[in-house]
Structure formats: C-alpha cells, structure tokens
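User: I have a protein model open and I want to learn how to read it. Can we go through it step by step?

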Amino acid sequence: MSLSIDELLALPAIPFLGLAQLMRFNFRNADMLPLHQRLIDQAVANPDDAGALLDASVLLQFYDKPALALLLQREALSTRRHYAFPARQTPRLRLLALMAPGGLMANQPVECLLENSDVELDLYYASAGRFIPDEIPPHDVLLVAMSETDDNRPLLDFWQPILAQWPRPVLNCPANIQRVARDAAAALLSTLPSVMVPLTYRVGRQQLVAVRDAQAVLPI
C-alpha cells in the first residue's frame, strides 16, 4: 500500500519510491517540497543512496527545474544504474526495462503500467559506448523502454547490435523505435493502400520563426 507524504516523512529512511508513486502525489497537487528536502538530506547523509537522488530529480521535474533535475539524475546514475521494484505478489515474470537518462518523456512510464502487478520490474539506465554485462540483473524478458527522441538515438544505435544477440526475448527492437518518429511513420504508412496519413515534416524552431515572419514557407 502506498504511503502518504506525511507517513513517508515519519520513516527513519525513505525507501526508493519511483515514478508511479511520485506521479500520484503530483496528480493530487500535494506539497512535495518537504519530501524533496528530506530526500536531499537523506542523500547527503548517505552518498550511496542513489534512489533518494533519483526520486528528488523527478520531483524537480514536476516543479519545472529540468537543469537541476538532470544534474541530480546524473549524480544518482554515477552511483548506481540498476533500480528494482519487487512484485507485490509472487512474481510471474522478471522484466528488465532498458532506460535512457533524461526527462520524463525520455522513457515509457513502465513503473506506472506495472505497479501492484505480479511482474518483478528492474530498471537499468543505459549509456552509449558502455556495456558491462555484470551490471545487468537477471530477467526473463527485456523491454527497450526508451522513447523515440533525438537524444535517445545514440543509445538506440549503440544497443541495437548488442540486443540482436541478447540471450532473452527482447521487446521493442531499437531499429523499430526509430521508425515511429512522426515524420518516419507518416512516410512509411502513406505507401499503404487505403490508408490516409496526414503529411508530416520535421521542422526546426528557426524555420518556424521564419514562416511566422513570412520569410519562408513550409516544404509542403
């Protein structure tokens, strides 16, 4: 059962909470500043408590402090890249979600989807150019939870050949993730018979400013 913020603050040490519980506080418009301060104090007192820093970074994103949030996240991931959510019931499946560092939109919200289920969930934050097999926890299935973003493309490119030889089933092949970009998906689906797809173009901010100022037109 999830605890309230007051109940968490009364604990000797706050456990790793994760996105699902923190998101619930946010949806309820709870005052999370005391929780954030307690997590920071806890991480200062125990530098190995990466979970406290990771939770604090999520709270900062709720309060629209992305730069500081990512700084705390980097600090947490420099200490630990693996974060576990034990199943509330006898686990039926061990799922490893391969995550990307970044903001809330960098990954699928797997924790929210599997909360209180019989799936044992492990999050592993990947990096480009770094693969240490001993860091990977045991699992039955691996899910690439990274979203299709420019920042994630180096990660997806790096992990694609590694996952092609993975000893367990892999969901969301990195190559397929890149094909769901809005412009790429529109181009792929537009060739199918009886399918109507709106024209979609990749446009930069400066190009949009030029269109607004009547200095350019969109390539339609």
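This is a predicted model: local features need pLDDT of at least 70, side-chain atom pairs count only at pLDDT 80 or more; totals for chains, interfaces and linings use all residues.

User: Where is the place of Ser 127?

Analyst: Look for the elements on either side. Ser 127 sits in the loop between β3 (119-125) and β4 (141-144).

User: Does Ser 127 count as buried or exposed, and why?

Analyst: Compare its relative accessibility with the cut-off. Buried means under 20%. Ser 127 has 15% relative accessibility, so it counts as buried.

User: Now the whole protein. How many helices and strands are there?

Analyst: Start with a count of elements. The protein has ten helices and five strands. Then take the extent: the C-alpha trace spans about 60 × 45 × 35 Å along its principal axes.

User: What percentage of the residues count as buried?

Analyst: Of the 220 residues, 38% count as buried. Another figure concerns contacts with a separation of 6 or more: residues 24 or more positions apart account for 70% of them.

User: How do I read a helix pair? Take α3 and α4: at what angle do their axes cross?

Analyst: Read the distance, then the angle, then the handedness. Helix α3 covers residues 33-45 and helix α4 covers residues 50-62. Their axes come within 9 Å and cross at roughly 150°. Angles over 145 degrees count as roughly antiparallel. Therefore α3 is roughly antiparallel to α4. The crossing of these two helices is left-handed.

User: Which residues of α3 and α4 meet?

Analyst: On the α3 side they are Leu 35, His 36, Leu 39, Ile 40, Gln 42 and Ala 43. On the α4 side they are Ala 52, Leu 53, Asp 55, Ala 56, Leu 59 and Leu 60. This contact of α3 with α4 divides into nine nonpolar, two polar and one charged residue.

User: And how do α4 and α5 cross?

Analyst: Helix α5 covers residues 66-79, and its axis and that of α4 come within 8 Å and cross at roughly 160°. That makes α4 roughly antiparallel to α5. The crossing is left-handed. Among the residues in contact are Leu 53, Leu 54 and Leu 60 of α4, and Leu 68, Leu 72 and Ala 76 of α5. The contact of α4 with α5 divides into nine nonpolar, four polar and one charged residue.

User: What about α2 and α4: at what angle do they cross?

Analyst: Helix α2 covers residues 19-27, and its axis and that of α4 come within 10 Å and cross at roughly 30°. The crossing of α2 and α4 is right-handed. Leu 19, Leu 22, Met 23 and Asn 26 of α2 meet Asp 55, Val 58, Leu 59 and Phe 62 of α4. The residues of this contact are six nonpolar, one polar and one charged.

User: Last, the core. Which residues touch the most other members of the largest nonpolar core?

Analyst: In soluble globular proteins, nonpolar side chains tend to be buried together. Here the largest nonpolar core has 38 residues, and Leu 22, Leu 35 and Phe 62 touch the most other members. Helix α4 gives the most to this core, with nine residues. Another core lies apart from it, with 16 residues, including Leu 96, Ala 100, Trp 159 and Trp 166.

Technical notes. Residues are numbered from 1 along each chain as its sequence is written. Side-chain values use heavy atoms; hydrogens and water are left out. Axes are lines fitted to C-alpha atoms, for helices over the stretch in contact, and angles run from 0 to 180 degrees between N-to-C directions. Helices (H or I, at least four residues) and strands (E, at least two) are DSSP runs, numbered from the N terminus. Angles under 35 degrees count as roughly parallel, over 145 as roughly antiparallel, 65 to 115 as roughly perpendicular and the rest as oblique. A crossing is left-handed if the near helix is turned anticlockwise from the far one by less than a right angle, and right-handed if clockwise. Contact means heavy atoms within 4.5 Å. Ala, Val, Leu, Ile, Met, Phe, Trp, Tyr, Cys and Pro count as nonpolar, Asp, Glu, Lys and Arg as charged, and the others, Gly among them, as polar. A nonpolar core is a set of buried Ala, Val, Leu, Ile, Met, Phe, Trp, Tyr and Cys residues joined through side-chain atoms within 4.5 Å. Buried means under 20% relative accessible area, exposed over 50%, partly exposed in between (1.4 Å probe, protein chains only).
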